[in-house]
Amino acid sequence: MAEHTVTSYEEELRNLVRRISEMGGQAERMVAQSVQALINSDWGLAQSVVADDVLLDAAQRELDERAILVIGKRQPMSVDLREIVGAIRISNDLERIGDLAKNIAKRVIAVSEHSQPIQLVRGIEHMAELALDQLKDVLDAYADRDPARAESVRSNDEAIDAMYTSIFRELLTYMMEDPRNITPCTHLLFSAKNIERIGDHATNIAETIYYIRTGEQMPAERPKGDRTPSLTAPRPPALGGDGAASPAAGE
């Protein structure tokens, strides 16, 4: 940030940056703990995540109020105005990340009541690791005001989208194979979608960082690896007259 001759103004801007850093650290912990609770069926940890969301919501409201006061009192221009508006936008994304972590935590009981295929659990865990890496990278980019790193975060989001598509396919297959899998797999599907959305919010933060630093918007279009809107459920095997599956053509 640019240095200012008015010490109180400088401190007000630095305080907004500190608050974003604190919110970012809390959002990271909530995401990591919610996924850990899901993987380990840890309801106590899940409840802790739900409780922490109230604190993150309060922090977001406080930052918004402080930012608006600074705008009203200082009437900032150029990069200072971008810093303040950017802080408001980033705090909103971090608050939404907290909501998504809370949503994952709330599904822990429903998922833990059923045994899950280990490859699905590992897939969601790996997807969460990618999303957390994105979140850490974008918060580092904010601390350094690094537009190149922000661009890298934005381009890497495609890997999370692609993994979500893969997990979506697997979950759909398990639900088709056995109706008893529908309830737990649906909860896992929503959890995976929440993780994918966490990656999207990290991308939003990256775009805000780029705007703060350069004064320009990133191109509107970006690669998307989420192919689920075009997927269809696999067709069940056709049944013959005796109720058995009909043989494939040519057999």
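I started at Arg145, which sits in the loop between H5 and H6. This is a predicted model, and I read it as such.

I checked the backbone there. Phi of Arg145 is near 50°. That is a positive value in a residue other than glycine. Is Arg145 buried or exposed? I find Arg145 buried, because its relative accessible area is 11% and the cut-off for buried is under 20%.

Next I went to Gln75, in the loop between H2 and H3. Its phi is near 45°, again positive in a residue other than glycine. Gln75 has a relative accessible area of 63%, so I log Gln75 as exposed, the cut-off being over 50%.

Then I turned to the core. How many residues does the largest nonpolar core have? I noted 64. Those with the most contacts inside it are Ile90, Leu94, Val138, Ile195 and Ile209. I listed the elements that give two or more residues to this core: H1 (7–40), H2 (43–74), H3 (78–106), H4 (108–112), H5 (118–144), H6 (147–177) and H7 (182–214), each a helix. Which element gives the most? H7 does, with twelve residues.

Last, I followed Ile209. I left aside its neighbours within four places in sequence. Ile209 is then in contact with Ile90, Val138, Ala141, Tyr142, Asp146 and Ala150. I note that Ile90 and Val138 are also listed with Ile209 among the residues with the most contacts inside the core.

Notes: Residues are numbered from 1 along each chain as its sequence is written. This is a predicted model: local features need pLDDT of at least 70, side-chain atom pairs count only at pLDDT 80 or more; totals for chains, interfaces and linings use all residues. Side-chain values use heavy atoms; hydrogens and water are left out. A nonpolar core is a set of buried Ala, Val, Leu, Ile, Met, Phe, Trp, Tyr and Cys residues joined through side-chain atoms within 4.5 Å. Buried means under 20% relative accessible area, exposed over 50%, partly exposed in between (1.4 Å probe, protein chains only). Helices (H or I, at least four residues) and strands (E, at least two) are DSSP runs, numbered from the N terminus. Contact means heavy atoms within 4.5 Å.
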